[in-house]
Amino acid sequence: MRLHTLAVTATAVVAAVLTPVDLTAGTAAAAPAGLRGDFNGDGYADLAVGMPNATVDGQAKAGYVNVIWGGPDGLGTAGSARLSQSTTGVPGTAEGGDLFGTAVSAADLNGDGYSDLAVTAPGERLTDTGSDREGTATVIWGSASGFRGGLTAAKGQADERLGRLLTVGDFDRDGHQDLALSTEGEEGGATRLRRGPFTTGSATDTSFVEDYDFGAARALITGDFDGDGGDDLVVTYKGMEIAGTHVLSKASGEWKRTWTTGDSGSAIATGDFDGDGTADLAIGQVQPNPETDGTFCEDRLGGAVAVVYGKRDTTLGGKVACTTQSSPYVPGTAEPEDNFGGALATGDLDQDGRDELVVGVSHEAIGTEADAGAYLWLAAGPDGSMTGVGFNQNSAGVAGTAEAGDLFGSAVATGDYNGDRLPDMAIGAPGENARSGGVWFHATRDEGAQPPVTSVTPARLGLSGAVEHGGVLAR
């Protein structure tokens with residue numbers, strides 16, 4: 001099938017190079033810009049790409065993170081940095097199966113105005129005996145000269161594989177950022193909290209949030225869903241006989257569920273889609289709880305996205321709208337296994353005061369090319385339903401060619417990567433070039449012709465050992 005496309009004009013693309021310096025890459029800035037995702041404070045958001053299955057120093061699946069620097073021309077023209085547990089200043093040692101880079105997040109964790117990088121390694125072993133993989137979370141500090149070392153922020157226990165999922169927020173309202181992390185044990189998983197602050201020598205233990213018998217969390221995000229000015233935690237989870245999505249608040253000192261549904265998803269995102277000043281929740285790849293009646297999305301062929309709208313003085317008390325590729329004015333055709341909504345991101349892309357939703361459709365067939373993938377840019381209408389435009393590698397102005405197995409749209413992110421104060425889009429295609437992968441940079445404009453959507457591949461960046469680049473993007 002072909003998606004509706006938005007034509008863009010072509011311009012030359014300047015090749016980027018990997019910065020060959022440990023923890024000192026990037027352009028220095030006189031003062032931090034305070035922009036989320038800006039690790040070196042130069043006023044451009046940067047993009048962290050996790051590659052947990054990459055080989056490092058001969059160690060299979062040790063994993064590393066590639067940070068693509070933002071610049072006046074966006075991603076792919078200002079170089080990048082490679083961070084692993086073999087990088088000077090990064091705690092730990094690169095070992096087979098560590099899966100460093102499984103989850104990555106950008107946030108200012110020490111309050112100095114520079115974004116820092118939180119990275120997990122759920123396959124990390126903390127003892128020399130046995131086969132348990134406890135898992136760790138690492139914080140790497142941003143600065144005017146790039147990255148400048150870090151610390152081990154959290155350690156798992158037994159075989160809980162801490163850190164497949166990660167989100168950052170001040171959940172306990174003490175003025176310090178915290179890490180919410182998932183664990184996955186033999187009989188079920190849990191969500192745990194590593195409280196800030198993050199300082200040398202601070203405790204690496206975590207506290208319990210909630211668990212899921214014979215299940216696991218599938219996605220975590222942070223947002224203010226009750227309008228009290230503090231961070232809440234959203235967890236969507238699924239197991240053999242359980243499923244659901246919760247908003248959790250720690251405002252009273254104890255974790256409390258302030259909103260819940262039996263529907264779960266594989267991706268969640270938050271934004272103000274209707275512009276009413278309250279946070280809304282998008283749940284991608286909605287699935288009902290098998291033990292309850294009813295669901296937000298009865299029609300789920302190929303995947304569905306439920307948007308639960310906020311309402312003042314309550315938590316997510318507004319209307320609910322369900323969007324699929326069978327919905328009016330939504331590009332594409334709903335077909336089994338499309339994975340519509342398998343990846344979500346938000347941002348006010350057109351600066352109209354309402355957030356748009358970026359939706360990945362990683363298994364979309366483009367013509368006869370199975371699992372080539374696509375992404376959509378959707379906005380909410382008066383009734384809450386979503387409409388918009390779609391893109392794939394056969395769209396005019398989009399670099400590359402749609403090929404079977406590219407998985408274009410497996411991960412999506414937004415950020416001001418070119419410094420024009422408009423959020424841009426980053427789209428991952430981990431199956432590109434025989435699973436070497438890559439990221440596509442889609443700049444947004446408030447007027448005039450749209451620029452081309454350019455590719456940022458490991459070959460352009462000079463990366464070695466890249467595996468499924470673009471499969472994990474920091475948001």
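# Notebook: charges, fold and a few residues

I began with the charges: the protein chain carries 29 positive and 66 negative side chains, and the centres of these two sets are 3 Å apart. I note here that the model is predicted.

**Overall form.** I looked up the secondary structure next and found two helices and 28 strands in the protein chain. I then took the extent of the C-alpha atoms along the principal axes, which gave a box of roughly 55 × 55 × 40 Å. The radius of gyration is 21 Å, and this agrees with a compact globule, because a chain of 475 residues would then have a value near 23 Å.

I checked how much of the chain is covered: 57% of the 475 residues count as buried.

**His176.** I located His176 in the loop between β8 (166-169) and β9 (178-185). Leaving aside neighbours within four places in sequence, I listed its contacts as Asp170, Gly196 and Pro197. I also took the separation of the C-alpha atoms of His176 and Thr387, which is 38 Å; the two residues are 211 apart along the chain.

**Gly196 and Pro197.** The bond from Gly196 to Pro197 is cis, with omega near 10 degrees. Pro197 belongs to the loop between β10 (188-194) and β11 (207-213).

**Aromatic pairs.** I counted eight aromatic pairs. One of them joins Phe171 and Trp255 in a tilted arrangement, with 6.1 Å centre to centre and 50 degrees between the planes. I traced this pair to distant parts of the chain, 84 residues apart: Phe171 is in the loop between β8 and β9, and Trp255 is in the loop between β14 (243-249) and β15 (256-261). Phe171 counts as buried because its relative accessibility is 0%. Trp255 has a relative accessible area of 17%, and since the cut-off for buried is under 20%, Trp255 is buried too.

I then turned to Tyr417 and Phe441, an edge-to-face pair with 6.3 Å centre to centre and 75 degrees between the planes. Tyr417 sits in the loop between β24 (411-415) and β25 (424-428) and Phe441 in strand β26 (residues 439-442), so the pair ties together parts 24 residues apart in sequence. I found both Tyr417 and Phe441 buried. I also noted a cluster in which ring pairs link Tyr375, Phe391, Phe408 and Trp440.

**Positive phi.** Ala158 is not a glycine, yet it has a positive phi of about 45 degrees. I placed Ala158 in the loop between β7 (150-155) and β8. Its relative accessible area is 51%, and because exposed means over 50%, Ala158 is exposed.

Ala434, also not a glycine, has a positive phi of about 55 degrees. I found Ala434 in helix α1 (residues 432-435). With 76% relative accessibility, Ala434 counts as exposed.

Conventions
Residues numbered from 1 in each chain as written. Predicted model: local features only at pLDDT ≥ 70, side-chain atom pairs only at ≥ 80, totals over all residues. Heavy atoms only, no water. Helix = DSSP H or I, 4+ residues; strand = E, 2+ residues; numbered from the N terminus. Rg over C-alpha atoms; globule rule 2.2 N^0.38 Å. Buried < 20%, exposed > 50% of the residue type's maximum accessible area, 1.4 Å probe, protein only. Lys, Arg positive; Asp, Glu negative; His and termini not counted. Charge placed at Lys NZ, Arg CZ, Asp CG, Glu CD. Contact = heavy atoms within 4.5 Å. Phe/Tyr/Trp six-rings, centres within 6.5 Å; stacked < 30°, edge-to-face > 60°.
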